[in-house]
Amino acid sequence: RDVGIVSTASGVYAVVGSAAMLCGFKQMTLASVLIVVECVNDLRLAPVVMLGVSISMAVNWRMNRRGHDEEQIVRKGLPFLEGEAPDEIDSLAALSLCDPLPEEAVL
């Protein structure tokens with residue numbers, strides 16, 4: 001039955017789905033588009049992959065604040081260094097964050 005959709009190879013759906021899954025899992029939009037489009041070696045798929053990745057990110061941001069791996073680390077209570085520095089250290093100089101140098105190390 002013709003539903004007015006241009007016939008496409010079924011692999012296109014797999015490519016868009018894999019890019020959307022990778023993006024939703026790791027929250028890396030541009031990287032997942034580039035990786036998947038380069039793997040299939042067809043730049044014509046880039047707009048469709050971008051659309052799938054955009055939808056995936058919109059759904060993911062509604063569900064999680066972080067990527068899947070970061071969310072698991074937080075839920076398990078493991079030590080985790082955030083990507084951004086805390087606001088408290090913005091006014092400090094780098095030297096004040098260093099440990100004092102022992103006398104034996106001074107040349």
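What percentage of the 107 residues in the chain is buried? The buried share comes to 20%. Keep in mind that this is a predicted model, so to speak of confidence, there is a section on that further down.

**Fold**
- You'll find 4 helices and 0 strands in the chain.
- Going along the sequence, the pattern reads α-α-α-α.

**Overall dimensions**
- The radius of gyration of the chain is 22 Å, whereas a compact globule of 107 residues would come in near 13 Å.
- Along the principal axes, the C-alpha atoms fill a box of roughly 80 × 30 × 25 Å.

**Contacts and surface**
- Take the contacts in the chain with a separation of 6 or more: 56% of them are between residues 24 or more positions apart.

**Charges**
- The chain carries 8 positive and 14 negative charges.

**Confidence**
- The average pLDDT of the chain is 83, and 91% of the residues score at least 70.
- Among the helices, helix 3 (residues 46–63) has the highest confidence, with a mean of 90.
- Helix 4 (residues 68–76) has the lowest, with a mean of 84.

Conventions. Residues numbered from 1 in each chain as written. Predicted model: local features only at pLDDT ≥ 70, side-chain atom pairs only at ≥ 80, totals over all residues. Heavy atoms only, no water. Helix = DSSP H or I, 4+ residues; strand = E, 2+ residues; numbered from the N terminus. Rg over C-alpha atoms; globule rule 2.2 N^0.38 Å. Buried < 20%, exposed > 50% of the residue type's maximum accessible area, 1.4 Å probe, protein only. Contact = heavy atoms within 4.5 Å. Lys, Arg positive; Asp, Glu negative; His and termini not counted. Charge placed at Lys NZ, Arg CZ, Asp CG, Glu CD. pLDDT = per-residue confidence, 0-100.
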